[in-house]
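Here are some notes for a colleague who is new to this entry. Please read them with the sequence and the model open.

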Amino acid sequence: MKKKHIKHLYWRVGFGISPSELEKLSKKNKKDIVSGLFKSSSSHTALEVDTSEIKAVFSGMMSEKLDSKTRMEIQKMSRQKQMELNAAWIERLSTSKEVLREKLTLFWANHFVCEDNNIVYIQNFNNTLRKYALGNFRDFVNAISKEAAMTKYLNTKQNRKHKPNENFARELMELFTLGEGQYTEQDIKESARAFTGYSHNIKGEFVFRKWAHDFEDKTFFGKTGNFSGEDIVDIILNKKQCATYICGKLYKYFVSETINKNHVNELADVFYKDYNIETVMRHMLLADWFYDAQHIGNKIKSPIEFLVGIKTVVPTEFKNRKQLIYIQRLLGQTLLDPPNVAGWKGGRNWIDSNTIVLRLKLPSMLLNSGYISKVKEGHGSVLSEEMNAKFNKTYGRWIKTDVNWDDFNKTYKNVKLNSLQEYILACDINTDTKNYLDTLQKNSKQEYCIQLMSLPEYQMC
Amino acid sequence: MDRRKFLKQSSLASSLFFVPSFVRAFEQVASSTLGYKRLVIIQLSGGNDGLNTIVPFNNDIYYKERPSLSISKFDVIKLTDEVGLNPSLTPLKRLYDQGYLSIINNVGYPNPVRSHFRSMDIWQTASDADTFSQSGWLGRYLDNYGKHPHSAIEVDDSLSLAMKGENVNAIATKDPKAFHNLSKDPYFKNIHKHQNDAHLSEHNLGYLYKSMIAAQSSAKYIFETSKTVSTSQDYPNNKFGKQLKTTAQFINSGLDTKVFYTSLNGFDTHANQLNTQKRLLGQYSEGIETFVKDLKDNGTFKDTLILTFSEFGRRVKQNASVGTDHGTANNVFVIGENLKKQGFYNNMANLSNLDDNGDLKFEIDFRTIYATVLDKWLEVDDKKVLNKSFSQLDFI
């Protein structure tokens, strides 16, 4: 397989590829490489921070109801733990061998959007995303509908016989399965009745409250019967539109923001057969059109892709976890804290005046105290303790990181300095910018790496 | 359409036909600096308890439901025979006395949601309670009517959804110097200098380059314009005071910005509410009074409208921790010089007619306030921004 295509594949299903890995894979064909991706993601490793303290509170409780003092205590512990989980997730994304599964988990987290102030519930939810990321979509939807965090977030808990709450039923169709305008208000009302009684116990396990369930007939999409929540999911998935909608979202995320209807329909035909996510992903990654020149390096990285991408090239630790969260907030995407159930818009919406300014400056701030070398060719090595000290004073105080340049130097040892851009960037450098870069002195891979990461081109994958 | 607007539009239309272009250019400059209307939003985050802000001190139900959380009729700052202000709102009373304050009671929306995130979301996107939007109402104003990203500025680190449009986002900055510094590394300048616009494509990379260039110029413009003025006012030394000080600096320097967004946090008073709310309302009213003085000194108050809201009010009945739980309808403050309805816009809520949760029933949809501000103050098509037609109120 061509190196260009392997790099493209790895940027889309992961966060880039190292030179040695690329070299190794370049001797294999496409089918083997894609199979390898699925093989290394066949297992799933749950992401867990220690929540035993909170779980101990749960098991010590006599009743199912939290008094307000305990609730506040749990919320306080949860806030702390949620920051830990956030950091652990970013670390996972930067280092996991289950690359494809992790990238899909990130995708699903912006599809089945949910948040909660109880760390146990949100951690369970996150691991459900991970577990089903490459599994069966039908099982996935049912599992999501029974997650404690989801029954809280979209009020299924409050959805009772004769007192329906339609929130979950509406979003199930509008955001999770069919897309806007594919159902009537009556369909929402009727399906909401089928999800009555869905709730959870204090530990976060699903509980079906029989007394709250509406066992009478419902009429949904023209069918009448005593439907359960699972029945509703079956009826929805029976519609080809569901496969088309999900494949459209996968296409936008992995291939291009501009939908090609033929390609999406091709995927939907595959997906509709049994709603197996692995099968449709394999089809996509093997399709010739996935590697079309127009797609290569033409996607704007999400803030997380950007941040994790930096970390995979130059391993970087944030000394202060709060700063890692703060940076995510400034970049416009904080993991575990979505704007609302519709999620992040993505694409060009990641970019505005604030985020572009920060994105261009951030690599140098994380890796080099904010300094980007501008030394002209032929000016000798004036660079400069002095300069570094000055920048360290201005920006170094701001974000505290431990940067592992040794690892970078090892990884990129066999890469020639003047071909480093082929490994750091996913697209060609704009002609005018290239002309400027050519006037600059190149004698340090580290400095050139920072120059490359400080370009608009580095925002692309 | 009112007469003034009609005249303005017809004179604009005629100028397009008859007036030589250099005169037209002059006119545009003139109209952009004179009578340049600005909107300042103040968000009280966490759900401010409206009932202890505007207090019905002659209402038995109020005292019955809040045995240890009510404000006694001897402590309230009386506005009418029935209603008074929280004692920490003395500065606001002075604005009230000058006719600069209009209090709109009972503002909310149908099917109220009692979650902070969601209710704030609804207020910021102006959506119905059962629909979700990925763009905010001021962001959509920017989409349709903003000339630059800096046409709307949030005086904070990051942007609220309210300020994100479908295509354009506002700028967030509480420190124009830091923002400018971040954007002006000589490396970026050199890249910019080398760009030949013809090479900037419509593709994503071209979009990034254009965004970079626009951001650099906005950052420079905001910094260099705002640094020309400084304030003689003594703002309260807290985060909110600083936000207002920066906002006043932006306005008084003549920055080409129509909308400013600020917020004051901490109103989620489930326990021991009295002191917390007293402190926060004190910060709010002292800050706002200084802000109004600052604008008045610089002749910009008459062209500034200040809107204060919170995502919901709180339950009428106090809880067991001498606090209040999440409620529904709440009061909104409009502050400005030329208010049509000074003082109270409408009556207080009826405390004997509550919903099943024991919460107030809303009377005025908050989007009718937005529609009014968009149409009558910012003079744009409110339907285009709110995606729906709302009736309008009569406060400006």
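Where in chain A is A:N155 found?

1. A:N155 sits in the loop that runs between helix 9 (148-153) and helix 10 (167-177) of chain A. Please keep in mind that the model is predicted.

2. The backbone at A:N155 deserves a look. Phi of A:N155 is near 60°, a positive value, and the residue is not a glycine. Most residues other than glycine have a negative phi.

3. B:N387 is not a glycine, yet its phi is positive, at about 60°. B:N387 is located in the segment after helix 13 (382-386) of chain B. With 14 other C-beta atoms within 10 Å, B:N387 is partly exposed.

4. Turning to the domains of chain A, the assignment gives domain 1 as 3-40 + 239-295 and domain 2 as 303-459. Between the C-alpha centres of domain 1 of chain A and domain 2 of chain A there are 27 Å. Their contact draws seven residues from domain 1 of chain A and eleven residues from domain 2 of chain A.

5. What classes of residue does domain 1 of chain A have on the side that touches domain 2 of chain A? That side of domain 1 has three nonpolar, two polar and two charged residues.

Conventions: Residues numbered from 1 in each chain as written. Chains lettered and ligands numbered in written order. Predicted model: local features only at pLDDT ≥ 70, side-chain atom pairs only at ≥ 80, totals over all residues. Domains from an automatic or database assignment. Contact = placed C-beta atoms within 7 Å. Nonpolar A, V, L, I, M, F, W, Y, C, P; charged D, E, K, R; others polar. Helix = DSSP H or I, 4+ residues; strand = E, 2+ residues; numbered from the N terminus. Buried ≥ 20, exposed ≤ 12 C-beta atoms within 10 Å, placed from the backbone.
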